Amino acid sequence: SVAAVSRVFDPNSQLKPQKRQIILETDERLGYVPNKMASRLSGAPIRIGVLIYGSIAAYYNEYIEGIHAAHAKFVDYKIDLDLRLLEARKHSIEEAYAVLDHVCTGGYGGVIISGLCKRPHLERLNRLSDSNVRFIIMDTDLDGCKRDGVAMNDVTTAAKMAAQLLRCAMGDGGDVAVFAGSVDNLSQQSLLSAFRSAAEGYGNRIAALYHTENDPEMAEEAVCHMM
């Protein structure tokens, strides 16, 4: 029956072993592939949260556009999207934490998080896992984070590319200044280490390092100081 076939692909279902074996053998012979998306139509809606705590609109707007495009493909399958954008200049970190607290108690199936990538954020992030909420973090990773996955650039390759481009622009030898984000950011640390190694291989030395905390005003002040 349809119900028996459906139960075979549900790991929590009860089915006689002999019947399960017959269905699985038939499945293999016919090359049957269950349509998991279609099965969503009879289930309860899944709510996916997105929290972006950002400073640079040109950066996080790319995320927002991509997330909406991805959601458009699943909206007919009872996948609801709740996207919260908090600009760091206008909202405190406590407001971002409040969003995470709401996710823990609001019946969310999972949440995507961008902008909370420093060591002090670790405890609040792990509360999601302790509340059985799956979460993905973007931009960087944190040691000890109970996240289900990470979406980030290959920082080592990016750093080597930057060093090579700089070498093409200025040739071998010479001092360079580096503008980085947060000193607490694990990805930034890896990025700087890889860039320093690659740059030194081309004879370029990091003479000045400015941590801007992804704040445009701090970056402007650093540029003025460098000049």
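Start with Val50 and its contacts, where contact means heavy atoms within 4.5 Å. Leaving aside neighbours within four places in sequence, Val50 is in contact with Ile67, Leu81, Asp82, Leu83, Arg84, Val111 and Ile112. The model is predicted: local features need pLDDT of at least 70, side-chain atom pairs count only at pLDDT 80 or more, and totals for chains, interfaces and linings use all residues. Residues are numbered from 1 along each chain as its sequence is written, and side-chain values use heavy atoms, with hydrogens and water left out.

Val50 sits in strand β1. Helices (H or I, at least four residues) and strands (E, at least two) are DSSP runs, numbered from the N terminus. Is Val50 buried or exposed? Val50 counts as buried, because its relative accessibility is 3%. The cut-offs are these: buried means under 20% relative accessible area, exposed means over 50%, and partly exposed lies in between (1.4 Å probe, protein chains only).

On a 1 Å grid over the protein atoms alone, a cavity is a set of points where a 1.4 Å probe fits but cannot get out. A pocket is an open set with protein on both sides within 12 Å along at least five of seven lines. Lining residues have an atom within 4 Å of a point. Grid points are joined across faces, edges and corners, and a volume is the space filled by probe spheres set on the points.

By this rule there is one cavity of 30 Å³ or more. The largest cavity has a volume of about 40 Å³. Which residues line the largest cavity? They are Gly49, Val50, Leu51, Asp82, Arg84, Val99, Val103, Tyr108 and Val111. The elements that give two or more residues to this lining are β1, β2 (79-87) and α5. The largest share, three residues, comes from β1. By class, the lining of the largest cavity has six nonpolar, one polar and two charged residues. Here Ala, Val, Leu, Ile, Met, Phe, Trp, Tyr, Cys and Pro count as nonpolar, Asp, Glu, Lys and Arg as charged, and the others, Gly among them, as polar.

Now turn to the largest pocket. Its volume is about 1,100 Å³. The largest pocket is lined by 41 residues, and Tyr59, Gly181, Asn185, Gln188 and Asn214 lie nearest its centre. The elements that give two or more residues to this lining are β1 (46-54), α4 (57-72), α7 (155-170), β6 (174-180) and α8 (186-201). The lining of the largest pocket divides into 24 nonpolar, 14 polar and three charged residues.

Next come two helices. α5 and α6 pack at an angle of about 10 degrees, with their axes 9 Å apart. Axes are lines fitted to C-alpha atoms, for helices over the stretch in contact, and angles run from 0 to 180 degrees between N-to-C directions. α5 and α6 are therefore roughly parallel to each other, a label for angles under 35 degrees. Tyr97, Leu100, Asp101, Val103 and Cys104 in α5 meet Arg124, Leu125, Arg127 and Leu128 in α6. This contact has six nonpolar, no polar and three charged residues.

Asp101 counts as partly exposed, because its relative accessibility is 33%. Not counting residues up to four places away in sequence, Asp101 touches Arg124 and Arg127. Asp101 and Leu128 are 27 residues apart in sequence and 8.1 Å apart in space, C-alpha to C-alpha.

In helix α6 (residues 122-130), the buried residues are Leu122, Arg124, Leu125, Asn126 and Leu128. What covers them includes α5 (93-105), β3 (110-114) and β4 (134-138). After α6 comes Asn132, whose phi is positive, near 65 degrees.

Two loop residues also have a positive phi. Lys78 is found in the loop between α4 and β2. Its phi is about 60 degrees, although Lys78 is not a glycine. Asp139 is found in the loop between β4 and β5 (149-151). Its phi is about 85 degrees, and Asp139 is not a glycine either.

Notes. Parallel < 35°, antiparallel > 145°, perpendicular 65-115°, else oblique.
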